[in-house]
Amino acid sequence: SVGASIDFSLIAERPGIVAAIVFGLIFLKAAILFVLGLFGKLPTGQRLLFCLALAQGGEFAFVLLGAAVTGGAVSGEIAQVLIASVAVTMALTPLILMAEEKLIRPRFHRPDEDAREMDAMEEDAPVILAGFGRFGNYVGRLLQSQGVEVTVIDHDSEHIEFLRKIGVKAFFGDACRHDLLESAGAAKAKLLIIALEDDHKSEQLVEMARRHFPKLKIFVRAVDRPHYYDLMNLEVDFTVHQHAGSAIQLGAEVLKELGWRPNRAVRVARWFEQYDHESAKSLAAIHRDEKVYVSRVRARVAELEEQFQRDARVPGSSAGAAWDNEALREALNEDKF
């Protein structure tokens, strides 16, 4: 309906004014987006695409201009010129993107990673780490700080080059490929840690590793709750939700800030973590049946609250007790720390 209201004869009558508004809008918006891309640390090629793809005016401009005319802020004639100009910027967007693809992208776009050959490897480290991103780098650095040899595999060529610059021994490749995993030493390794961003790829890697390297222990990072359940159903050796540790740690700090004793906050956090893991085991088999799943979750939440209330009332309970010597010895004997 807005498009039908555009006065195209106005564009023919005032081509200079419309052209100035069109190119001024596109240039100004692209410049602002370019600066935002710098703050977002986008690579140059991606930053240019980001600017050009969003440089046009938006449909909301029509709504604003309509309201401005109704409120008497601008005249109907000026509004028609501006509406026509915004419409032209939107019509130009496909042409701008075609120009970006043909003229700009070849200059900045790095070669397709799939075209790059996988790095040659002949490793025999006890641990293979697939994925060295926001999650995997913490695991890898912790193990390496303790002198544990780790073979790092990642599918981001730029990231691999950066890792090598800072002294991390890393290889470019797709860990889901059987031949690559074999050359990484999977037949001799003790552990495969999967810290990939893609949940489907991580499950694919689990199945491939199980099929070809049955003696390999598999530890996997879950990207979300459904993925957590799926990994449990695959019966991997260990899985952890990527946000669980940091979120529970933050929760414990909140309890301390609210006046809870540090020992009580830490114990509650540890108990909650254990309870949540046990709950996930019982929910994994039914998580795709929404009705049953919701009912079971509500029951588990009620059970959790009741358990905490009961522990808080019982002297010497895990939720409320101080760290006396007897409790500390008990915890150490059970290897809770």
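Modeller: Let us begin with a term: residues are in contact when they have heavy atoms within 4.5 Å. The structure is a predicted model, in which local features need pLDDT of at least 70 and side-chain atom pairs count only at pLDDT 80 or more, while totals for chains, interfaces and linings use all residues. Residues are numbered from 1 along each chain as its sequence is written, and side-chain values use heavy atoms, with hydrogens and water left out.

Colleague: Which residues does His 159 touch under that rule?

Modeller: Residues up to four places away in sequence are not counted, and His 159 then touches Phe 132, Gly 133 and Asp 154. His 159 and Gly 133 are 26 residues apart in sequence, yet their C-alpha atoms are 8.5 Å apart in space.

Colleague: Why is His 159 called neither buried nor exposed?

Modeller: Buried means under 20% relative accessible area, exposed means over 50%, and partly exposed lies in between, with a 1.4 Å probe and protein chains only. His 159 has 23% relative accessibility, so His 159 counts as partly exposed.

Colleague: Where is His 159 found?

Modeller: His 159 is in helix H7, residues 157-165. Helices (H or I, at least four residues) and strands (E, at least two) are DSSP runs, numbered from the N terminus. By that rule the protein chain has 14 helices and six strands.

Colleague: Is Arg 47 buried or exposed, and what makes it so?

Modeller: Arg 47 has a relative accessible area of 9%, so Arg 47 is buried. Arg 47 has its place in helix H3, residues 44-53. Leaving out residues up to four places away in sequence, Arg 47 touches Phe 34, Gly 37, Leu 38 and Leu 42. Over the protein chain of 337 residues, 35% count as buried.

Colleague: What makes a set of residues a nonpolar core?

Modeller: The members must be buried Ala, Val, Leu, Ile, Met, Phe, Trp, Tyr and Cys residues, joined through side-chain atoms within 4.5 Å. The largest nonpolar core here has 32 residues, and Ile 128, Ile 153, Leu 181, Leu 192, Ile 194 and Leu 205 are those with the most contacts inside it. Among the elements that each supply at least two residues of this core are strand S1 (127-130), strand S4 (191-194), helix H9 (199-212) and helix H12 (262-284). Apart from this core lies another, of twelve residues, among them Phe 132, Val 168, Ala 170 and Ile 193.

Colleague: Why are S3 and S6 said to stand at the edges?

Modeller: The open sheet has six strands in the order S3-S2-S1-S4-S5-S6, with parallel pairing. Strand S3 (170-172) and strand S6 (238-241) each have a single partner strand, so one side of each is left without a neighbour in the sheet.

Colleague: Why are the buried residues of H6 said to line one face of the helix?

Modeller: In helix H6 (residues 136-145) the buried residues are Gly 136, Asn 137 and Gly 140. Seen down the axis of H6, these residues fall within an arc of 90 degrees, so they line one face of the helix; the arc is that of the directions from the helix axis to the C-beta atoms. The buried residues of H6 pack against S1, whereas Tyr 138, Leu 142 and Ser 145 are exposed on the other side of H6.

Colleague: How many disulfides are found in the whole structure?

Modeller: A disulfide is a pair of cysteine sulfur atoms within 2.5 Å, and a search of the whole structure finds zero of them. Cys 51, at 3% relative accessibility, counts as buried, and Cys 176 counts as buried at 10%.

Definitions and conventions:
Pairing = 2+ DSSP bridges.
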